[in-house]
Amino acid sequence: MNSTAKSEATYATILAAAYDMAAAEGIGKVSLGELAKRTGISKSGIFSRVGSLEALQSAVLDEYDRRFGEEVFLPSMAVPKGLPRLALQVDLWLRKIGNETARGGCLYTAGAFEFDDVPGPLRDRIEAGVTRWRGSLRKTVLQAMEAGHLRPDTEPEQLVFEVYSLAIGVMHDARFLHEDAVPRRAQRAFKRLISTYKRFNDLE
């Protein structure tokens, strides 16, 4: 293995360990010292590859964004606009949270609580990610309204708020209560919620 490939492999090891730490304990708990213990790489060696703790935290969020795109966003883009896309986006997101919450679930949702009153670049990055996803959900809701799948008096911001509240409930029950039935209950809750917004009761 040449030096470039070795350096890239080392960086990948550091990033993977940092990601697991952030998912399990919160992105604010990531530290270069703890990473050195977990990876067997010296603290100075980690610093030389990541640059700073802030850069590493940003890289962890970049990795979460990449995985989220592959697992939630891109699959939903493959189905028709409107309610089918909205339903799949929410279903995949809630499943991801429910299945991963033992390791932290959504880094942005968890980070929003972790950094709600801690100003700084990391909070700004988390807020931007939350806002971006909520904006994406809002756009999908509007498309569902335009397609006639949802009632014309639907308030997109209200529906997004309710979906987001459901996601927080999923994180709570899966992470704190360790409820195995969370994915099933989340799916039932969303179906009940969206039924109040459907324009046609028989639309699936």
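1. Helices here are DSSP runs of H or I with at least four residues, strands are runs of E with at least two, and both are numbered from the N terminus. On that basis the protein has nine helices and zero strands, giving the pattern α-α-α-α-α-α-α-α-α along the sequence.

2. This is a predicted model, in which local features need pLDDT of at least 70 and side-chain atom pairs count only at pLDDT 80 or more, while totals for chains, interfaces and linings use all residues. Residues are numbered from 1 along each chain as its sequence is written, and side-chain values use heavy atoms, leaving out hydrogens and water.

3. Along the principal axes, the C-alpha atoms fill a box of roughly 60 × 35 × 30 Å. Of the 204 residues, 43% are buried (under 20% relative accessible area, with a 1.4 Å probe and protein chains only).

4. Taking contacts (heavy atoms within 4.5 Å) with a separation of 6 or more, 66% join residues 24 or more positions apart.

5. The protein exposes about 10,900 Å², of which carbon and sulfur atoms supply 55%; areas come from the Shrake-Rupley method with a 1.4 Å probe. Counting Lys and Arg as positive and Asp and Glu as negative, without His or the chain ends, there are 28 positive and 27 negative side chains, and the centres of the two sets lie 3 Å apart.

6. Phe73, Leu74 and Met77 form a nonpolar surface patch with about 260 Å² of accessible area together. Patch members have over 30% relative accessible area and no salt bridge, and nonpolar side chains are joined within 5 Å; a salt bridge is a side-chain nitrogen of Lys or Arg within 4 Å of a carboxyl oxygen of Asp or Glu. Leu74 belongs to helix 4 (residues 53–77) and is exposed, at 53% relative accessible area (the cut-off is over 50%).

How values were computed. Charge placed at Lys NZ, Arg CZ, Asp CG, Glu CD. Patch = residues over 30% accessible without salt bridge, like charges linked within 9 Å, V, L, I, M, F, W, Y side chains within 5 Å.
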